Amino acid sequence: MKRLENNALFNDFGRTIATVLFEENTYPWEILPKIHDFITEVGILLPKDEYEEVKENVWVAKSATVAPTAYINGPAIIGPEAEIRHCAFIRGNAIVGEGAVVGNSTELKNVILFDKVQVPHYNYVGDSILGYKSHMGAGSITSNVKSDKKPVEIHLEKQKIETHMKKIGAILGDHVEVGCGSVLNPGTIVGSYSNIYPLSSVRGYVAGHSIYKNKNEIVEKEEY
């Protein structure tokens, strides 16, 4: 279970405005139901010389770039130097970190993107947390609801952890690279500095510093 704790997945909680959520909770999925209230409570306290409330419960840093064709529903916080590109769809309960990129036709819902995260091309990210400098290749998505609509379980080797939550997408540690066209199934957790091959279907826990080729071939990354 230690491998699934916030401290193991994210090196520096200071890389997100939601630092306190990671400090006060042990596991990342425990944070997901708390994103909405956190944004509404913190948003009103953001410095007005740095952030503008562009509409109700939507706070955008003045240094961020938001395409006129993008749609942002509240509550949401868009951090400094973030880039929200053409036709991005932010449905609400979203924290987009400093310098993060939300790209063309990417959809976000109930998420925390740490600083410098990139979801730049045709991504769906729902009920998920993406660590510092993680990147999702074009067309890769998080699946956040099981087909049988039962609560999502977290799989750690032969252990199943009950969450009692029906919607959990993926948790990516820092510096994770997800290949194009991959599907991260409900409750997927990928440790920091790991790579997921393109067109993968990923389920369960992938250890940090790994290369995921398929479910039967996960190898340790070589150090350079």
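Trainee: How many bridges join β10 to strand β12, and in which sense do the two run?
Mentor: In this predicted model, helices (H or I, at least four residues) and strands (E, at least two) are DSSP runs numbered from the N terminus. Two strands pair if DSSP finds at least two bridges between them. Strand β12 covers residues 124-130, and its Y124 is the bridge partner of E107. The count between β10 and β12 is 6 bridges, and the sense is parallel.

Trainee: Which residue of β10 is the bridge partner of A94?
Mentor: The prediction sets the terms here: local features need pLDDT of at least 70 and side-chain atom pairs count only at pLDDT 80 or more, while totals for chains, interfaces and linings use all residues. Residues are numbered from 1 along each chain as its sequence is written, and side-chain values use heavy atoms, leaving out hydrogens and water. Strand β8 (residues 94-96) is joined to β10 by 3 bridges, and these strands run parallel. Within β10, A94 has as its bridge partner V111.

Trainee: Which residue of β10 is the bridge partner of F89?
Mentor: Strand β7 spans residues 89-90 and runs parallel to β10, with 2 bridges between them. The β10 residue paired with F89 is E107.

Trainee: How many residues of β10 are buried?
Mentor: A residue is buried under 20% relative accessible area, exposed over 50% and partly exposed in between (1.4 Å probe, protein chains only). Strand β10 runs over residues 107-113 and is mostly covered. Of its 7 residues, the buried ones number 6.

Trainee: Which residue takes a positive phi in the hairpin of β15 and β16?
Mentor: Strands β15 (residues 153-156) and β16 (residues 159-162) pair in the antiparallel sense over 4 bridges. Across this pair, H155 stands opposite K160. The hairpin has 2 residues between the strands, and the residue with a positive phi, near 55°, is E157.

Trainee: What is omega at the cis peptide bond between G74 and P75?
Mentor: Most peptide bonds are trans. P75 sits in the loop between β4 (71-72) and β5 (76-78). The bond joining G74 to P75 is cis, with omega about -5°.

Trainee: How far apart in space are G137 and S182, C-alpha to C-alpha?
Mentor: G137 belongs to the loop between β13 (135-136) and β14 (141-142), and it counts as buried because its relative accessible area is 5%. Contact means heavy atoms within 4.5 Å; leaving aside neighbours within four places in sequence, G137 has contacts that include H121, N123 and C180. G137 and S182 are 45 residues apart in sequence, and their C-alpha separation in space is 8.1 Å.

Trainee: Which residues does T16 touch, not counting those up to four places away in sequence?
Mentor: T16 is part of the loop between α1 (6-9) and α2 (19-24). At 5% relative accessibility, T16 counts as buried. The residues it touches are F22, I112, F114 and D115.

Trainee: What is the radius of gyration of the protein chain?
Mentor: The radius is taken over C-alpha atoms, and the globule rule is 2.2 Å times the number of residues to the power 0.38. The C-alpha atoms fill a box of roughly 50 × 40 × 30 Å along the principal axes. For 224 residues a compact globule would have a radius near 17 Å, which agrees with the chain's 16 Å.

Trainee: How many helices and strands does the protein chain have?
Mentor: Of the 224 residues of the protein chain, 51% count as buried. Its secondary structure comes to 3 helices and 25 strands.
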